[in-house]
Amino acid sequence: MSGHESTYVAKSRFAKFMDDRLPIARMMHGQFVDFPTPRNLNYMWTFGGILMFCLVTQLVTGIVLAMHYVPSAKDAFDSVEAIRRDVNYGWLIRNIHAVGASMFFLAVYLHIFRGLYYGSYKAPREVLWILGVFIYLAMMATAFLGYTLVWGQMSFWGATVITNFFSAIPVVGTKVTEWLWGGYAVTGVTLNRFFALHYLLPFVITGLVVLHIWALHVAGQNNPTGLDVKSKMDTLPMTPYAVMKDIFALAVFVTLFVWFVFFVPDYLGHADNYNEANALVTPPHIVPEWYFLPFYAILRAVPSKLGGVLLMFAAVAILAFVSWLDTSRVRSTKYRPIYRWFFWLFTFTCLALGYLGSKPAEGWYVVWSQIFTAYYFLHFLVVMPVVGLIETPKKLPRSIAESVLGANYGGGAGAMAGATAAPEKR
Ligand code: HEM
């Protein structure tokens, strides 16, 4: 992975035997124990680990659910009810999986906004970031497919609306949609293929995460100053420093997670989804899960179907280009007095779009959706390139170590001499 040398020492005879043949322990030690992490990482850097926890939780609970779930139009809804009522601890496993999807998105949004704020997408982390965008896309597809499996009213109508997007493609649209459905409407055939794909995609995500971590360990972690690591004083070994922080943050995250699971497991769902799918009754408002709402608002902001679909996909795709759209010399927004305001305006825009996506597409809701959609794209296409060019960044600390140890910290060779004492000062 990275150029960093592992300090692993094989102690037992078995460890030495393995180290000469398949040095997994050496690699793990080098990447996750003594890997040099910037010493100034804050709690926003704990969401990567939290996301790994979410991924494993969804995989484990999902596999158990699949043992009891029946992917047919006749039995799907009842099988989910049976899991909650009749399977031993089925209620718990199902609640963890359903709430887990929301927690996963909560964590990924914080992770993405952390990256946007601290400029973690800038060189040399472009590939790492783009892999993240692919992970996000795969997560969206997985969540959409999984929601369909419940075969409630919102599952069915949500699936109908989303798959219908493809019919907007000129000439071949109808054919593509029918091919997706496996017929002329969303039916049990569609459900069965969605189940197969919902099972497959998390493993694709796992593969992408491995590449994501690999790319991260080649480039090294960014940090709140956005400065590069210059000396050993700038870093600390990942274990125990970063790992202990990760464990504490995970404990707080899990507390919120279990609160939802045990006290309000249905809060994040939609009431209509507790009615079995019925192709003859359309719900008054078809709304997706909360984590898709900003994109739903963008979709409905455009009067033309094809235009709406294109803009919605563009809203995700544009993320892949931020490494080149942002022209700033410094990474971290902390040192960008003008851009900082735009960053928070962008965050507000995303929240506002989320709110608007939950409202009916009529009157002022549409007008505001159009205004915020316009700013969403302006932010990437105009604000990022232009502000980066005209802004004078604030004075940066001389090094990562200085940002933690204060202005009197000398840096350079003198500081290296104090390297052993430094960890106690934190
Ligand atoms: C399953 C989903 C994901 C997992 C498990 C994951 C995992 C991780 C981990 C463990 C780290 C290092 C710790 C940290 O910085 O928090 C990290 C860093 C990073 N991730 Fe992700 N990630 C995921 C999704 C994403 C997405 C969707 C994006 C962006 C679109 C993204 C962009 C980044 C970037 C830019 C970094 C480097 C951050 C820095 O050093 O400042 N990740 N990720």
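In which helix is the place of valine 258? Valine 258 lies in helix 10, helices being DSSP runs (H or I, at least four residues) numbered from the N terminus. The structure is a predicted model, in which local features need pLDDT of at least 70 and side-chain atom pairs pLDDT 80 or more, whereas totals for chains, interfaces and linings use all residues. Residues are numbered from 1 along each chain as its sequence is written, and side-chain values use heavy atoms, with hydrogens and water left out.

Valine 258 has 35% relative accessibility and therefore counts as partly exposed, a class between buried (under 20% relative accessible area) and exposed (over 50%), computed with a 1.4 Å probe and protein chains only. Val258 belongs to a nonpolar surface patch of about 980 Å², whose members include Tyr89, Leu106, Trp259 and Trp290. Patch residues have over 30% relative accessible area and no salt bridge, nonpolar side chains being joined within 5 Å and like charges within 9 Å; a salt bridge requires a side-chain nitrogen of Lys or Arg within 4 Å of a carboxyl oxygen of Asp or Glu. Areas follow the Shrake-Rupley method. Helix 10 (238-263) and helix 5 (90-118) each supply at least two patch residues, with helix 10 giving the most, 5 residues.

The iron atom of the ligand is coordinated at 2.1 Å by NE2 of His111 and NE2 of His212, donors being N, O and S atoms within 2.8 Å of the metal (3.2 Å for Na, K and Ca). Histidine 111 in helix 5 and histidine 212 in helix 9 (residues 188-219) are 101 residues apart, linking distant parts of the chain. Both histidine 111 and histidine 212 are buried.

Conventions: Areas by Shrake-Rupley, 256 points an atom, 1.4 Å probe, with all protein chains shown as cover.
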